[in-house]
Amino acid sequence: EWERKNIDERLERISEREKEDMDERLERISEAVIGGKHGEIEDLVKAAIEDGLDFDSIINDAMIGAMDVVGEKYSNNEIYVPEMLVSAITMKKGLDIINPLIREGKKEAKGKIVMCTVKGDIHDIGKNLVIMMLQGAGFDVLDLGVDMTADKVIEQVIKVKPDILGMSALLTSSIPVIKAHIEAIVEKGLRDSVKIIIGGAPITEEWTEKVGADGYAPDAGKAVVLARRLVAQSVNVSAA
């Protein structure tokens with residue numbers, strides 16, 4: 001009885017040490033993303049995978065958690081777009097290690113999303129940040145690029161059948177373009193088949209309601225939360 005108890009205690013101590021080691025590896029990855037240490041991230045992610053850490057922990061707990069911190073720092077004006085972009089690039093380099101392994105394992109995406117910047121607007125930094133975050137959260141994202149006409153957007157909605165269409169605009173003059181794109185989607189009879197989210201500096205909750213979108217995210221982290229919620233709603237409606 002005493003010997004069995006001794007073995008159990010030793011196994012428990014080993015398990016605790018392993019958990020501490022795993023937590024430490026995740027913490028290092030998180031710190032690398034927050035600090036924009038893109039020269040270190042690949043080795044850290046590879047080492048974590050070799051040590052048996054699961055992809056979800058690396059992506060969600062370490063990298064997405066880190067970008068949540070980055071997003072909060074940005075919202076509080078503690079950092080600015082260049083620092084946020086470096087962190088996002090760092091995360092993407094880590095994801096580039098994991099994504100091929102996920103595809104090999106045929107892990108199902110959490111949803112399909114088509115993203116673009118609308119006609120007349122060529123800004124894409126914010127859009128690209130959102131795409132990186134969505135991919136990190138497990139979504140399958142198709143980037144149509146910038147200056148997208150309604151016809152091209154509709155063509156891809158029909159072809160890809162995404163759960164969500166995301167449209168970005170940095171210019172105030174692009175807001176009516178978003179509205180026109182949504183109206184064109186309605187005219188084609190596609191509105192009920194896709195959720196629409198919008199974002200960009202001039203976008204507000206009030207404008208979101210005016211243009212008839214399903215949601216608005218002020219930053220990349222909140223875009224992930226919004227996408228998860230909308231996909232979950234679609235799944236629940238389908239199940240009902």
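What does the accessible surface of the protein chain come to, and what percentage of it belongs to carbon and sulfur atoms? I looked this up at the outset: the surface comes to about 13,300 Å², and 51% of it belongs to carbon and sulfur atoms. I note that the model is predicted.

**Entry: overall layout**

I listed the elements of the protein chain and found nine helices and five strands. From the N terminus on, I read their order as α-α-α-α-β-α-β-α-β-α-β-α-β-α. I then looked up burial, and 41% of the 240 residues count as buried. I also looked up contacts with a separation of 6 or more, and residues 24 or more positions apart account for 73% of these.

**Entry: helix α7**

I turned to helix α7, which covers residues 175-187 and has 13 residues. From its first C-alpha to its last, α7 reaches 19 Å, close to the 18 Å expected at 1.5 Å a residue. I recorded its buried residues as Ile175, Ile178, His181, Ile182, Ala184 and Ile185. Against which elements do the buried residues of α7 pack? I found that they pack against α6, β3, β4 (195-199) and α8 (205-211). Just after α7, I noted that Gly189 takes a positive phi of about 75 degrees.

**Entry: Arg191**

I followed the chain to Arg191, whose place is in the loop between α7 and β4.

Asn77 is not a glycine, yet its phi is positive, about 60 degrees. I located Asn77 in the loop between α3 (55-75) and α4 (81-104), and at 54% relative accessibility Asn77 counts as exposed. Lys161 also has a positive phi, near 55 degrees. I located Lys161 in the loop between α6 (150-160) and β3 (164-168), and Lys161 is exposed, with a relative accessible area of 60%.

**Entry: salt bridges**

How many salt bridges does a search of the whole structure find? I recorded 10, and I looked into some of them.

The side chains of Arg28 and Glu24 meet in a salt bridge at 2.7 Å, N to O. Arg28 and Glu24 are four residues apart in helix α1 (residues 2-34), so about one helical turn separates them. I found Arg28 partly exposed at 40% relative accessibility and Glu24 partly exposed at 39%.

Lys92 forms a salt bridge with Asp96, with the closest N and O atoms 3.5 Å apart. I placed both Lys92 and Asp96 in helix α4, four residues apart, about one turn of the helix. Lys92 counts as partly exposed at 33% relative accessibility, and Asp96 is partly exposed at 41%.

Asp219 forms a salt bridge with Lys222, the closest N and O atoms being 3.3 Å apart. Here I found Asp219 buried, with a relative accessible area of 11%, whereas Lys222 counts as partly exposed at 45%.

Terms used. Residues are numbered from 1 along each chain as its sequence is written. This is a predicted model: local features need pLDDT of at least 70, side-chain atom pairs count only at pLDDT 80 or more; totals for chains, interfaces and linings use all residues. Side-chain values use heavy atoms; hydrogens and water are left out. Helices (H or I, at least four residues) and strands (E, at least two) are DSSP runs, numbered from the N terminus. Buried means under 20% relative accessible area, exposed over 50%, partly exposed in between (1.4 Å probe, protein chains only). Contact means heavy atoms within 4.5 Å. Accessible areas come from the Shrake-Rupley method with a 1.4 Å probe; for residues, only the protein chains shown count as cover. The expected span of a helix is 1.5 Å times one less than its number of residues. A salt bridge is a side-chain nitrogen of Lys or Arg within 4 Å of a carboxyl oxygen of Asp or Glu.
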